[in-house]
Amino acid sequence: MGAPDKPGDLVQGTLDMLVLKTLARGAMHGYGIAEFIQATSDNVLRVEEGALYPALHRLELRGLLASEWGASENNRRAKYYRLTAAGRKQLAAESEHWGRMTSAIALIMETA
Amino acid sequence: MPLKHVVAVWLRMKAIVHRRRLDRDLDDELAFHLAMRAQQQGGDPAAHAAARRQFGNLARIRETCRALWTFAILETLWQDLRYGVRTLAKTRAFSLVAILSLALGIGVNAALFSLADAMLLRALPVRNPQQLVEFVRAGDGSLCTNLPRPVFQRFRQDRDLLSDVFAIDESTLALGAGGVTEPATAHVVSGSFFPALGVQPLIGRTIGPNDDLAGAAHQVAVLSYPFWSRRFGRDPSILGATVRLSGEPVTVIGIMPPQFFGLDRGRVPDLWIPLAAEREAGDLWVLGRLRPGISIARARLQLSPLFHQALEDELQSSSRGWDRKAFLSSRLLVNRATQGTSGVRWDYWDYSNTLKILIGLTALVLLIACANLANLLMARSAARSREIGIRLAVGAGRWRLVRQLMTESLLLSLTGGALGLLAAGWGHRLVLGFLVDEPSGVALDFQLDYRLLAFCLALSVATGLLFGLMPALRATRAETSGVIYQAGRQRGAWNMPVAKGLLAFQIGLSMMLLIGAGLFARSLRNLAAADLGFAREDLTMMDVGAAGKTPQARRRFWKELTGRVARLPGVRSVALAGDAVFGNGGWNQTVWIERPGQPAQKADVSDNLVSPGFFATTGIPVLSGREFSEQDRENAPLVALVNQTFARRFFANENPLGRRFGSDGPASGDRYQIAGVVGDAKYGSVRERPRAMVFYPMWQEPARTGMVLHLRTAGPPAAVNAAIQRQIEALDGDAMIGAIRTLPQVLHGELREDRMFATLAGFFALLALALGAIGIYGIVAYRVERRTAEIGIRVALGAQKGAVLWLIMREMLMLLVAGSAIGVPGALLVARLVKSQLFGLDPWDPLTIVSATTVLFAAGVLAGFVPASRAASLQPTQALRSD
């Protein structure tokens, strides 16, 4: 397979996780996902838009997302993504992993 | 997780099929995003521009996403293929030379592989061929598949190791049907033969154990498909009909299907008859089928005692003069016979270098084609260095470019390979025609099989990599900046030392082929002109079989026959012999020479049985004593003639005339007195060393069934053949006329392999020479073009035409010298391997080496002279203007 230029592993992995988490609330299009992440993180996390769409397509190809075309809120043709069963499982695994990582990091930061 | 991969592949396949939709969807999705963003930021044109800026490189993101959805390699491969085809189509001459030379190079290799595959690798079309084994007697430094009969009788009693044991003998019989009597080759088989192989007849039935009983009521025969077609035009009514086999009525009970050829691909018999029907009990090929789970080693170990008992049986029952000690010390070998007991295999692979030399020759051809192409490709990439430089400069990855150049190379090699596969189709028949007398008597299955396909594919890919990789790597190494500014040709990617090295290597390989071709050609000439020891002109030999049941009847037949033939117009003289004067070589035999006051001396000799007039007819000179006469008959004192080698080897300085020897053990009763010494001759083959030979007069022995009629004719032999055939038929309708051949024909057959080597090597050498000339022409033309400015200056400064010519030619001569420096030692090294094939000259034959070098230099100089003379006639103004 052609290797598209990859963002750093952490960023990539994090972006995937954030996308999965966002879609856990329901189907959404790419623009909505970007906006949601930005708004929910109080504008701290800004999604690199150039990385978002390759990430979405990669997740779709991995079978974690499914997509369908629908009409958007302003009646335009938009591609909606939703989680698949595999995607839900992946989200649970990544959340758990993330939780352990952050608490471990927090532990070190507090002790030191 | 496999399922995940399946999903991914499925989605991509869909994307390939709906490629347009994929592109549109992608565009729509990204456009939607941009529109939403612009709307959020006010919706005016400035907002649109801002949205674009924020998004980043749109084209790149789209490409990234697209790449995810497609099989990127397939995509670029398709691109490269189309580009490659366009590029190759633009340079027709180059592509043509490349594809044709590859087609030839791969074709000859494929033809040979196909032949070797058919000869050596294919299993017999019988039930479980992998269980079949053949038994071999190893002793006296020789291997023998003809085993004494007791071996078969002993082995067939075995129940533990072998599930079947069967035996075959070969015999030529006179088959009379529809008023015509002709020789037919029969495989005389045990009743267990067909059941053991598990083969079914096309029509009728096969020979079973009940047909192979001593007192069987009817004699039966099964016909082979080729014989049924040739002799009876596939007439089914022959089934159940009666034919005459050597005078006996025999019923045809079955016809075998075309794919069944017996056990030897090299010798398809005309018919099969039961062993019990055989008149003269000779040795047998013995084969068996191993029970499941029995290994070759175990079979050999446990059958060896039986084998030695059988040898003891043979010594007790046989009157043949076995050397008891040597005979008993011979060992049993068990060989797999999955592919049959192939005479072809023995003749061309196991015990000869024929195929190996051919493989070496063809591999050399392919290697030369590869070196040539690598060189041409490098020259071409020099011409393309500008294109490549620009592509590198605008950001094409080096590997991407290498991949594209390799696609072109593989395109060439695969096209060449496909053409080669086609060429192999008739090529192997051509080679087979060189190898055997009667290609129709050889059952080789040339069907295209996966092995040949895989071989061609692998060879094509390997070839493509071999000639394409280095030029591709070199071409893409060009420094970008220079190339763009410097009009391409100044910083050529054609690295001169490498290109020169390659060309020298190619010239060296061509030199090896040339020397090989020269050696084979000279050897063939020596063979054709060799002194055979007898007169070869107008000598005809004809196999004749007497039908008479008693020696007396046969003697009358032979006497009458020679009398009648001698009176025919056009016949100068006629004689009979047990073996043809040339081609068979007589039987090996041991005689014991009487020495006064000492025990008899043992002597290994060959012998032949001849009629009076044999030496006059064949032209073998009688050096001392006398030739046989009609007086040398039964009840007259036994006499023999010996050849010079016999006289020299066993009598040194003494006079052999009048001395006596026995032929049946040291104390044998019958003693032959030497009545004369005849000149040495070649008996079996042109290559044989002089051997001791004994001739016996045929009238002193009971008359034989089969003899060879020798004729010296006044004119063309064909004219009297028909008359002789009429005489024989008039004399005895059941008598058989076998092969008729002239001595030149025999010699022609004998030298078949040498002619093949000479022809093929000569053809390959010409090819190599042509390719080498193309290579030299290319490299010199390229050098001239590069040095145009320099040459212009030299001419302007007053350089003479000759000096310029020399400037260019010097480089090329050095290449030729370097090539010879590789080729001559290489040839000397390899020539040792073909030493056994050469006759009358050394592998280091100086004349051949000198001629090959001369031819190569002449071709090289000629090829280089054309562009060099163009350089020499350059006008300085024109040269300087060309930048």
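Analyst: Helices (H or I, at least four residues) and strands (E, at least two) are DSSP runs, numbered from the N terminus. The model is predicted: local features need pLDDT of at least 70, side-chain atom pairs count only at pLDDT 80 or more, and totals for chains, interfaces and linings use all residues. Residues are numbered from 1 along each chain as its sequence is written, while chains are lettered from A and ligands numbered from 1 in the order in which they are written.

The helix to look at is H21 of chain B, residues 644-651, whose buried residues are B:Gln644, B:Phe646, B:Ala647 and B:Phe650. These residues sit on the same side of H21(B), because they cover an arc of only 165° around the axis; the arc is that of the directions from the helix axis to the C-beta atoms. As a general point, an α-helix has 3.6 residues a turn, so residues three or four places apart point the same way.

What does the buried side of H21(B) pack against? Its partners are strands of chain B: E15 (587-595), E16 (598-610), E17 (622-625), E18 (639-643), E20 (671-678) and E21 (693-697). Contact here is between residues whose C-beta atoms, placed from the backbone, lie within 7 Å.

Just after H21(B) comes B:Ala652, with a positive phi of about 45°, although B:Ala652 is not a glycine. This residue is found in the loop between H21 and strand E19 (660-662) of chain B. B:Ala652 counts as exposed because it has 8 C-beta neighbours inside 10 Å.

Another loop of chain B also holds a residue with positive phi. B:Arg234, a residue other than glycine, has phi near 55° and lies in the loop between H9 and E8 of chain B. With 12 C-beta neighbours inside 10 Å, B:Arg234 counts as exposed. B:Leu239 is found in the loop between helix H9 (225-232) and strand E8 (242-245) of chain B, but with 19 C-beta neighbours inside 10 Å it counts as partly exposed. Leaving aside neighbours within four places in sequence, B:Leu239 is in contact with B:Ile203, B:Gly204, B:Val252 and B:Ile255.

For a helix seen against another helix, turn to H15 (residues 398-435) and H16 (residues 450-475) of chain B, whose axes come within 8 Å and cross at roughly 150°. Axes are lines fitted to C-alpha atoms, for helices over the stretch in contact, and angles run from 0 to 180 degrees between N-to-C directions. H15(B) and H16(B) are therefore roughly antiparallel to each other, a label for angles over 145 degrees, with under 35 counting as roughly parallel, 65 to 115 as roughly perpendicular and the rest as oblique. By class, the contact of H15(B) with H16(B) has 16 nonpolar, nine polar and no charged residues. Here Ala, Val, Leu, Ile, Met, Phe, Trp, Tyr, Cys and Pro count as nonpolar, Asp, Glu, Lys and Arg as charged, and the others, Gly among them, as polar.

Definitions and conventions: Buried ≥ 20, exposed ≤ 12 C-beta atoms within 10 Å, placed from the backbone. Contact = placed C-beta atoms within 7 Å.
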